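Student: Hi! I'd like to go through a new model with you, pockets and helix packing included. Could you put it up on the screen?

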Amino acid sequence: MSSAHMTDTLSRLADVLESRKGAAADSSYVASLYHKGLNKILEKVGEESVETILAAKDAAVSGDCSDVIYETADLWFHSLVMLAALGQHPQAVLDELDRRFGLSGHAEKASRPQN
């Protein structure tokens, strides 16, 4: 998959997620999540995180990555819903990843503000 195709897929998905913000709760799954609020969206992100971890552990044993791909798609999807609910576009995440490209992980972590 080309970088342009990946970016296009994220942009198209972001457009759909944005369009669901004003929709009736019973019109789509995403609209129902927006109506339930950020806490429900975050609950789904947490649930999908756990399912992705479990699928990865199973894939390490079985060698079959189909479930981990499926669960990762769910995790990414719900993460995008979370970002949209917060008024953010996936491009912001891509920009942050791009900023980090070529930095060592240790150097990037050291550059973060200390709490």
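Tutor: Happy to! One term before we start: a pocket here is an open set of grid points where a 1.4 Å probe fits, with protein on both sides within 12 Å along at least five of seven lines, and lining residues have an atom within 4 Å of a point. Also keep in mind that this is a predicted model.

Student: Got it. So which residues line the largest pocket?

Tutor: The lining consists of M6, L10, W76, S79, L80, L83, P90, V93, L94 and L97.

Student: And how much space lies in there?

Tutor: The largest pocket holds about 250 Å³.

Student: Which helices each supply at least two residues of that lining?

Tutor: Those are α1 (3-19), α4 (66-85) and α5 (90-100).

Student: How does the lining split by class?

Tutor: Nine of the lining residues are nonpolar and one is polar, with no charged residues.

Student: Let's zoom out. How many helices and strands are there in the protein?

Tutor: The protein has six helices and zero strands. Its C-alpha atoms fill a box of roughly 45 × 40 × 35 Å along the principal axes.

Student: Now packing. At what angle do α3 and α4 cross?

Tutor: The axes of α3 (residues 38-62) and α4 cross at roughly 160 degrees and come within 8 Å. That angle is why α3 counts as roughly antiparallel to α4, the cut-off being over 145 degrees.

Student: Is that crossing left-handed or right-handed?

Tutor: α3 passes α4 in a left-handed crossing.

Student: Which residues of each helix make the contact?

Tutor: On the α3 side they include L38, I41, L42, V45 and E48, and on the α4 side D67, V68, E71, L75 and S79 are among them. By class, the contact of α3 with α4 has twelve nonpolar, five polar and six charged residues.

Student: What about α2 and α4, how do their axes cross?

Tutor: The axes of α2 (residues 29-36) and α4 cross at roughly 50 degrees and come within 11 Å. The two helices are therefore oblique to each other.

Student: And the hand there, left or right?

Tutor: α2 passes α4 in a right-handed crossing. The contact is formed by Y29, V30, L33 and Y34 of α2 with F77, H78, V81, A84 and A85 of α4.

Student: Last one: how do the residues of that contact divide by class?

Tutor: In the contact of α2 with α4, eight are nonpolar, one is polar and none are charged.

Notes
Residues numbered from 1 in each chain as written. Predicted model: local features only at pLDDT ≥ 70, side-chain atom pairs only at ≥ 80, totals over all residues. Heavy atoms only, no water. 1 Å grid on protein atoms, 1.4 Å probe; cavity = no way out; pocket = protein on both sides within 12 Å on 5 of 7 lines; lining within 4 Å. Points joined across faces, edges and corners; volume = space filled by probe spheres on them. Helix = DSSP H or I, 4+ residues; strand = E, 2+ residues; numbered from the N terminus. Nonpolar A, V, L, I, M, F, W, Y, C, P; charged D, E, K, R; others polar. Axes fitted to C-alpha atoms, helices over the stretch in contact; angles between N-to-C directions. Parallel < 35°, antiparallel > 145°, perpendicular 65-115°, else oblique. Left-handed = near helix turned anticlockwise from the far one by under 90°. Contact = heavy atoms within 4.5 Å.
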